[in-house]
Amino acid sequence: MQMNRRQFFKICSAGLGGSSIAAMGFSPTAALAEVRAFKLARATETRNICPYCSVSCGVLIYSTGDKAKNSQGTIIHIEGDPDNPVNRGTLCPKGAGLRDMVQSANRLKWPEVREAGSSEWKRISWDDAIERIAKHMKADRDANFMTKNAAGVTVNRWPTFGFLASSAASNEAGYLTVKTLRALGVTQLDTQARI
Amino acid sequence: MALQSLDIRQRSATTTAAPQARHTIEVAKLIDVSACIGCKACQVACMEWNDVRDEVGHCVGVYDNPADLTENSWTVMRYAEVEQDGKLEWLIRKDGCMHCTDPGCLKACPSPGAIIQYANGIVDFHQENCIGCGYCITGCPFNVPRISKKDGKAYKCTLCSDRVAVNQAPACAKACPTGAIHFGSKEDMKDYAEKRIADLKERGYDKAGLYDPPGVGGTHVMYVLHHADRPDLYSGLPVNPSISPLVALWKGAAKPLATLALAGVALGSLFHYVMKGPNEVSKEIEEEVEKEAETEDTK
């Protein structure tokens with residue numbers, strides 16, 4: 001396009017004037033607005049119990065996908081369960097941040113063992129871990145089991161062993177825990193509920 | 001953005017009125033300072049819901065962490081140790097956007113549609129329209145918005161407009177384990193506040209009251225204070241907040257005056273063009289000048 005100096009100035013001033021008028025609000029553009037899309041729509045909702053303390057608040061875990069065969073879900077949000085009578089939807093700061101605990105890079109995901117004299121943690125299988133624990137328990141019980149106390153009364157105690165149970169266990173799991181451990185003669189039995 | 005999921009009351013830098021045919025309820029968040037234990041569940045719930053994470057900070061000697069609102073921390077607990085009449089009180093206030101009925105940020109904002117006030121009272125920032133000028137910070141009587149270092153846009157509490165749009169309470173209000181944060185219609189919240197205030201008065205807090213400052217037309221985040229006569233005790237809550245007179249002048253009186261001046265200049269130029277016409281050089285003068293130039297050249 002050919003233009004002389006005068007035409008160039010005319011176009012410039014017309015452009016400046018036009019944009020100034022628009023900027024002053026003579027011809028406002030449509031300013032539509034919409035809130036951020038609700039991020040839990042169609043997410044899979046799973047009820048669970050917060051693992052931290054003895055209060056055992058109910059939580060709702062939201063994950064992507066609908067559990068279809070080829071869809072791999074991932075947790076996108078966790079918040080309080082309003083139907084749980086313990087917390088009725090509320091959570092403490094630790095519970096409110098549960099998602100970051102679940103997805104933490106530092107989270108322990110499998111059994112590890114640090115052998116005596118070693119400074120390294122070594123990953124082992126669940127079978128190995130349970131077997132090792134059972135062997136340790138058996139050896140300690142055989143060595144220290146007390147059938148009678150000083151007064152000669154039958155007590156059948158295993159005084160050198162203690163057990164710490166989960167605070168998030170249900171009634172049924174709690175019942176089984178107590179029955180199993182009392183059968184072994186364990187007296188020091190508590191749950192994380194009191195820590 | 002084809003559909004409007006909520007009715008709009010006001011838009012920034014937009015002079016045309018928003019359509020208001022429908023009538024929806026006004027919502028409000030009530031923060032009962034006397035029931036707060038300062039656990040920060042609201043801070044965590046806010047970050048979890050809104051998918052923002054702040055950097056791990058440093059202890060500044062008090063429980064305030066982070067020490068101030070940031071573009072990622074839209075709400076912070078402020079812990080004030082106040083000694084009055086030989087009594088030490090720990091006044092813990094959840095700070096954040098107050099969602100004013102007459103929002104200073106919206107008034108100061110020059111970008112159309114960057115700040116929206118919904119009919120339910122929520123004042124929301126729309127980052128896609130934000131130009132990052134920071135006028136909203138100047139306009140805010142409570143010093144709340146913050147500019148992100150990542151994208152240069154302003155962020156603040158949205159009152160979880162996405163949750164409220166589907167009839168859910170804001171994340172902070174849902175999480176609060178002591179019930180210090182309540183959420184509902186503004187009317188219901190005022191009624192509930194009255195009950196709390198009556199209870200506090202019975203317990204010897206004669207000056208207990210509701211913080212719903214009229215200087216900004218009332219707010220959609222209200223406080224129940226045990227010392228409603230001294231809001232400044234609560235980490236400097238403004239006693240009578242209002243929009244800065246400079247913002248009011250610039251966006252109020254100055255705007256039509258400037259429009260008038262601009263229109264005057266345009267009109268004047270038009271008249272000048274019509275009456276005087278373009279400043280043309282006559283043929284004779286042009287030839288004379290050319291001749292002179294030629295003689296100059298020959299010299």
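1. Two residues count as in contact when their C-beta atoms, placed from the backbone, lie within 7 Å. By that rule, 25 residues of chain A are in contact with 33 residues of chain B. Helix 1 (5–23), strand 3 (75–80) and helix 2 (93–96) of chain A each supply at least two residues of the side of chain A that touches chain B. Strand 3 of chain A gives the most to that side, with 3 residues. Helices (H or I, at least four residues) and strands (E, at least two) are DSSP runs, numbered from the N terminus.

2. The side of chain A that touches chain B divides by class into 12 nonpolar, 9 polar and 4 charged residues. Here Ala, Val, Leu, Ile, Met, Phe, Trp, Tyr, Cys and Pro count as nonpolar, Asp, Glu, Lys and Arg as charged, and the others, Gly among them, as polar.

3. A word on provenance and numbering. This is a predicted model, in which local features need pLDDT of at least 70 and side-chain atom pairs count only at pLDDT 80 or more, while totals for chains, interfaces and linings use all residues. Residues are numbered from 1 along each chain as its sequence is written, and chains are lettered from A and ligands numbered from 1 in the order in which they are written.

4. On confidence, the predictor gives the complex an ipTM of 0.83 and a pTM of 0.81. pLDDT is the predictor's confidence in each residue, from 0 to 100. Its mean is 90 for chain A, where 93% of residues reach 70 or more, and 91 for chain B, where 97% do. Within chain A, confidence is lowest in helix 1, at a mean of 81, and highest in helix 4 (residues 126–144), at 97.

5. Now to the sheets of chain A.

6. Strand 1 and strand 2 (residues 58–63) of chain A pair over 6 bridges, with Asn48(A) opposite Val59(A) and Thr44(A) partnered by Ser63(A). On to strand 3 of chain A, 5 bridges join it to strand 2, and Ser63(A) stands opposite Ile75(A) there.

7. A further open sheet of chain A has 3 strands in the order 6-7-8, with mixed pairing. Its edge strands are strand 6 (146–148) and strand 8, each pairing on one side only. Neighbouring strands are turned by 30 degrees against each other on average, direction ignored.

8. Which strand of chain A pairs with strand 8 in the parallel sense? Strand 7 (residues 154–165) does, over 5 bridges to strand 8 (residues 186–191). Phe163(A) stands opposite Leu189(A), and Leu164(A) has Asp190(A) as its bridge partner. Helix 5 of chain A packs on the sheet, touching strand 7 and strand 8, and its direction makes about 155 degrees with that of strand 8.

9. Strand 7, helix 5 (residues 171–184) and strand 8 of chain A make a right-handed β-α-β unit. Right-handed means that, with the strands pointing away from the viewer, the path from the first strand over the helix to the second runs clockwise.

10. Finally, chain B. Its domain assignment gives domain 1 (8–243) and domain 2 (249–298), with bounds from an automatic or database assignment. Taken over C-alpha atoms, 54 Å separate the centres of these domains. A cis peptide bond, with omega about 0 degrees, joins Asn65(B) and Pro66(B). Pro66(B) is found in the loop between helix 1 (41–50) and strand 3 (76–84) of chain B.

Notes: Two strands pair if DSSP finds at least two bridges between them. Axes are lines fitted to C-alpha atoms, for helices over the stretch in contact, and angles run from 0 to 180 degrees between N-to-C directions.
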